[in-house]
Amino acid sequence: EKPSGVTISNNHFGGPGESDGIQVSANGVVIGPGNIFDGLVQGSSSRHVDAIQLYRQSNTKIVGNYFTNNSVQIMAPDGGDNDIIAHNVFVGNNFDRQAIQLGSQAKTQFLHNTVRNIDIQLNKRTESPKFSTHVIVRNNVLINSGFNTVDSRRTESCIDCVFEQNLFDT
């Protein structure tokens, strides 16, 4: 499948509303560099609000962006193939500790990011038969943050994943 050719860079996504900052359902979309995602909060809305929602996409690159004051930074619980999330800054504000949700990923790379006050879910939905596989998590800085690789039934859900040279404050 050919890349879509779409690049989204140097924008501000934020403020009150009832929609995602960006929703991707295509191959090869590039998000960044230079985007700021600030203030995308679920609030009392019945609609689900995420800074970035990935759904039925592949080869997405989220590179060089700044995320703060959002309920959910990246929502991708339903899979992704060959996605790259690199050189981003994610700052959580106690809305939802599980603000980066990466489920049923295949060959995704999470590299050189700075993450504060957020836990990264790298697993699968309990009802899904598809585990995350061959994910690379390398050279990230995590402050009051961590990774969860088990589903809600406590089943290890990141198979043949590599975690290397990440810096944790605890």
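Modeller: Buried means under 20% relative accessible area, exposed means over 50%, and partly exposed is in between, using a 1.4 Å probe and protein chains only. This is a predicted model, where local features need pLDDT of at least 70, side-chain atom pairs count only at pLDDT 80 or more, and totals for chains, interfaces and linings use all residues. Residues are numbered from 1 along each chain as its sequence is written, and side-chain values use heavy atoms, with hydrogens and water left out.

Biologist: Why is H134 called partly exposed?

Modeller: H134 has 43% relative accessibility. That value falls between the 20% and 50% limits, so H134 counts as partly exposed.

Biologist: What makes the phi of H134 worth a remark?

Modeller: Phi of H134 is near 55°, a positive value in a residue other than glycine. Most residues other than glycine have a negative phi. K107 is another case, with phi near 60°. H134 sits in the loop between strand 18 (132-133) and strand 19, and K107 in the loop between strand 14 (105-106) and strand 15 (109-111). Strands here are DSSP runs of E, at least two residues, numbered from the N terminus.

Biologist: How do you know that C158 and C161 are joined by a disulfide?

Modeller: A disulfide is a pair of cysteine sulfur atoms within 2.5 Å. For C158 and C161 the S to S distance is 2.0 Å, so the pair qualifies. The structure holds 1 disulfide, and with -95° about the S-S bond this link of C158 and C161 is left-handed.

Biologist: Why are C158 and C161 called buried?

Modeller: C158 has a relative accessible area of 9%, and C161 has 18% relative accessibility. Both values are under 20%, so both cysteines count as buried.

Biologist: Why is N140 called buried, then?

Modeller: N140 has 1% relative accessibility, which is under 20%, so buried is the label. N140 lies in the loop between strand 19 (136-138) and strand 20 (141-143).

Technical notes. Helix = DSSP H or I, 4+ residues; strand = E, 2+ residues; numbered from the N terminus.
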